[in-house]
Amino acid sequence: MDRDHLINQRLNVPDELPSTMQLNAQRQLKHFLTVETLSPLLLEEILDRAESFVTQPNRIQKQYSLLQGKTVMNLFFENSTRTRTTFELAAKRLSADVFNLDIRTSATSKGESLLDTIRNLEAMNIDIFVVRHQHSGTANFIARYCAPHISVLNAGDGHHAHPTQAMLDMLTIRQHKPSFQPLKVAIVGDILHSRVARSQIHALSILATGEIRVIAPKTLIPIGIEDLGVRPENIYSDIDQGLKDVDVIIMLRLQKERMQAALLPSEQEFYKFYGLTEERLKLAKPDAIVMHPGPANRGVEIDSRVADGKQSVILNQVTNGVAIRMAIMSMVMQTQQQEQTRIAI
Amino acid sequence: MIDKIFNARLLDPAKQAIHSDDQSYDINITAGKISEISLSHLKPNFSKNIQNTLSKSYIDAKEKLVFAGLVDLATYLREPGASYKASIKSETYAAASAGITTLCFQPEPRVLVNNTANVNLIHEINQRSATAHIEVIGNLTQDLKGETLSNMGGLKQANCVGVSNGLQPLKDLHTLHMAMKYASTHDLKVFIHPLEHSLAQKGCVHAGSVATRVGLPSIPVAAESAALAQALTLVEATGAKTHFCRLSSAASVKLIEYGKKQGLPITADVAAHQLFLTDIDIMHFNPLCHTYPPLRSERDKNALRQGLADGVIDAICSDHQPHEIDAKLAPFQQTEIGISGLETLLPLTLKLVEEGVFDLSHALKLISLNPAKILNIDAGQLRCGSNADLVIFDPDAFWCLEAELMLSDGKNTPFLGQWFSGEVINTLLAGKMVYSKN
């Protein structure tokens with residue numbers, strides 16, 4: 001009854017804007033749900049902080065105590081290796097306790113509602129939820145209904161957003177290019193189903209990137225993409241035109257389901273018309289970098305020689321993934337601590 | 001029972017010319033029917049005295065409007081079968097409080113209407129509370145599975161006003177073709193929700209830039225217009241009387257206009273919320289705006305409004321879908337569709353009058369007389385001999401929609417917190433007072 005009343009009251013409140021939901025009154029990051037509507041200054045702050053966490057191989061990794069005594073719960077309703085592992089590693093390097101909830105054996109698969117799952121986990125005094133879910137808006141939903149001292153980090157929701165991926169991509173670009181303003185960036189492949197592409201487009205626009213191009217067959221270009229910040233003249237269905245003189249090429253993963261949904265005829269044809277080959281790479285600027293959020297389908301969207309070539313920064317992206325997630329976790333926990341102090345005063 | 005309403009300003013969309021004056025009228029009610037409508041001769045002060053001294057069977061409607069009870073073409077009543085969401089008792093009372101005296105029962109997989117027993121049960125449950133008339137739309141196919149025809153002859157004998165497959169898909173066009181032929185054999189109207197399922201896929205929002213931004217799977221306008229165009233072809237082939245339910249797009253308005261110009265026996269309606277909300281409203285994953293058909297663009301919304309003003313679309317309905325609170329507490333895609341709409345049907349329609357889309361008389365026509373004609377029932381006008389289903393309405397009241405004050409079991413509406421002008425004071429059902437605000 002009490003809970004119903006509470007929810008009733010909350011249902012009455014008009015929806016909060018994601019921007020106001022992610023930030024506290026001091027405009028500090030409290031949740032990380034989407035890149036959209038964040039300020040360029042805040043994005044720079046995330047990138048700067050991440051830069052300080054970037055580690056070198058074959059050294060003893062520095063352990064920070066920023067999240068000591070805090071508990072991070074990985075809630076992955078969708079499979080993931082890379083993202084989950086990097087979140088886990090990031091939390092451990094910040095001295096937090098990390099748990100992975102195995103959804104396949106959890107109560108959710110026995111019919112418990114998502115809200116009940118969250119309430120139960122909340123009762124175990126979790127500080128950060130890292131959420132991946134197949135439905136858009138799930139991270140927003142959890143952030144809206146969980147206790148105020150908990151921070152929610154979106155590790156990918158439906159086709160909506162994957163903000164930490166976009167930020168690690170921005171970090172990678174910044175490490176290789178002096179400034180975003182003069183850059184021409186091309187995103188190639190399944191834009192329609194890609195939360196990564198959406199978050200990248202938002203991040204690139206916020207950071208004032210010169211030109212954002214998308215390259216895909218018409219079946220994989222979402223309707224109204226212009227409203228996200230891609231100019232109509234920068235939507236290409238011919239990859240050779242689209243790659244001309246670009247500084248950054250971001251390839252997206254193509255999933256097998258797309259063939260069954262009649263969006264494409266075959267992987268072979270996709271490779272023939274949209275695969276990134278050495279020859280096509282020559283159309284871009286000579287110092288162009290090649291990125292891929294992984295896992296890559298070699299021979300479908302990218303040639304092995306390009307993926308492993310000297311212009312590829314794909315593995316830098318993974319390294320940066322840990323640093324970005326450390327930066328985000330430390331920022332949201334800092335915000336929470338300041339909130340607590342404010343309440344105490 | 002009420003015997004007489006006096007000093008009322010009447011509104012009757014059927015005979016605008018007679019009652020559009022500012023004169024006061026008295027209505028006499030005998031045995032639940034309107035027996036006489038005449039000019040008031042009593043002085044206002046005198047009438048007050050009468051009410052004080054005589055029995056409570058008189059209503060003084062001074063400074064109030066009186067019009068015929070509204071007819072709603074689409075109400076999901078949830079009972080029998082899903083009474084954790086709402087019950088016939090709760091929803092008919094909510095209807096009465098909103099000036100609606102006739103509801104149209106909408107079949108759904110939760111509450112099937114396969115045979116006469118199903119229909120009779122609904123009427124039996126309704127008789128226990130009896131705060132609104134219920135007209136029943138039966139299943140078009142057995143269990144709404146889209147394969148074999150339902151017992152339409154029996155449904156007609158049980159007084160169903162039509163048959164529909166709701167939002168459930170039909171196996172193929174042949175089934176629709178035969179269903180239309182068989183329905184017209186029994187003089188049953190076919191209610192079609194135009195939806196080409198293969199085009200809608202698993203979509204839940206309008207295909208547009210908002211869907212792209214929030215990354216939700218979308219339903220293109222063509223999912224509706226393609227189905228509508230096919231159905232129109234079959235109407236032409238069979239001559240079956242057909243009503244098209246819940247249009248959502250400019251393209252559909254055009255198709256209906258075309259069909260009517262061809263002289264096809266068709267009518268169409270739109271849900272009230274579709275005239276106010278657009279896909280922008282789902283921008284922040286507001287599950288209260290998760291509807292089918294999806295909320296579409298501003299342009300579609302305006303075309304629907306224009307379609308109503310031009311008479312292309314015949315009626316506005318509540319598309320009332322009450323839910324328990326948990327049905328809307330999940331990520332957008334996982335929430336159930338629909339808005340609890342009974343209590344906003346009249347207020348939203350009147351808002352369109354305020355916004356200058358059409359005049360008051362036309363507004364009332366869209367929610368009373370026209371739906372009554374679509375259902376082929378005697379309702380929606382003030383006429384001697386008709387049922388005394390009447391609404392006494394205070395045009396000067398100003399009120400706010402609040403969950404606590406809603407009478408429907410479903411509080412799932414995005415219009416909470418909005419202010420409306422004009423309020424229902426009393427509702428009479430066959431002369432019996434079924435709702436009184438005070």
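The questions and answers below concern this predicted model.

Me: How many residues of chain A are in contact with chain B?
Reply: The contact between the two chains can be counted from either side. On the side of chain B there are 23 residues. On the side of chain A the number is 31.

Me: Which side chains meet in a salt bridge across the interface of chain B and chain A?
Reply: Across this interface the rule finds one salt bridge. The N to O distance is 2.5 Å, inside the 4 Å cut-off for a salt bridge. The side chains are those of B:Arg213 and A:Glu36.

Me: How many charged residues does the side of chain B that touches chain A have?
Reply: Between chain B and chain A there are seven residue pairs in polar contact, counted with both residues at pLDDT 80 or more. By class, the side of chain B that touches chain A has 12 nonpolar and eight polar residues. Its charged residues number three.

Me: Is B:Arg78 buried or exposed?
Reply: B:Arg78 lies in the loop between strand E6 (70–75) and helix H3 (88–97) of chain B. Its relative accessible area is 1%, and the cut-off is under 20%. B:Arg78 is therefore buried.

Me: Which residue has its backbone oxygen 2.9 Å from a polar atom of the side chain of B:Arg78?
Reply: Leaving out residues up to four places away in sequence, B:Arg78 touches several residues, among them B:Glu108, B:Arg110, B:Gln321 and B:Pro322. With B:Glu108 the polar contact is side chain to side chain, at 2.9 Å. The backbone oxygen in question, at 2.9 Å, belongs to B:Pro322.

Me: How many residues apart are A:Asp48 and A:Arg174, whose side chains meet in a salt bridge?
Reply: The search of the whole structure finds 32 salt bridges over all chains. In this one the N to O distance is 2.9 Å. A:Asp48 is in helix H3 (residues 40–53) of chain A and A:Arg174 in helix H7 of chain A, so the pair links distant parts of the chain. The separation is 126 residues.

Me: Is A:Arg195 buried or exposed?
Reply: The side chains of A:Arg195 and A:Glu78 meet in a salt bridge, 2.9 Å from N to O. A:Arg195 lies in helix H8 (residues 195–206) of chain A and A:Glu78 in the loop between E1 and H4, so the pair ties together parts 117 residues apart in sequence. A:Glu78, at 24% relative accessibility, counts as partly exposed. A:Arg195 has a relative accessible area of 11%, which makes this residue buried.

Me: Which class of accessibility does A:Arg231 fall into?
Reply: A:Arg231 forms a salt bridge with A:Glu233, with the closest N and O atoms 3.8 Å apart. A:Glu233 counts as partly exposed, at 49% relative accessibility. For A:Arg231 the relative accessibility is 55%, and over 50% is the cut-off for the class. A:Arg231 counts as exposed.

Me: What span does helix H4 of chain A reach from its first C-alpha to its last?
Reply: Helix H4 of chain A covers residues 82–93, which is 12 residues. At 1.5 Å a residue the expected value is 16 Å, and the computed span is close to that. The span is 16 Å.

Me: Which helices of chain A do the buried residues of H4(A) pack against?
Reply: The buried residues of H4(A) include A:Thr83, A:Phe87 and A:Arg93. Their packing partners include strand E1 (71–76) and strand E4 (151–157) of chain A. The helices are H7 (163–176) and H14 (314–344).

Technical notes
Residues are numbered from 1 along each chain as its sequence is written. Chains are lettered from A and ligands numbered from 1 in the order in which they are written. This is a predicted model: local features need pLDDT of at least 70, side-chain atom pairs count only at pLDDT 80 or more; totals for chains, interfaces and linings use all residues. Side-chain values use heavy atoms; hydrogens and water are left out. Helices (H or I, at least four residues) and strands (E, at least two) are DSSP runs, numbered from the N terminus. The expected span of a helix is 1.5 Å times one less than its number of residues. Buried means under 20% relative accessible area, exposed over 50%, partly exposed in between (1.4 Å probe, protein chains only). Contact means heavy atoms within 4.5 Å. A polar contact is a pair of N or O atoms within 3.5 Å; within protein, one must be able to donate a hydrogen and the other to accept it, and residues adjacent in sequence count only if both atoms are side-chain atoms. Ala, Val, Leu, Ile, Met, Phe, Trp, Tyr, Cys and Pro count as nonpolar, Asp, Glu, Lys and Arg as charged, and the others, Gly among them, as polar.
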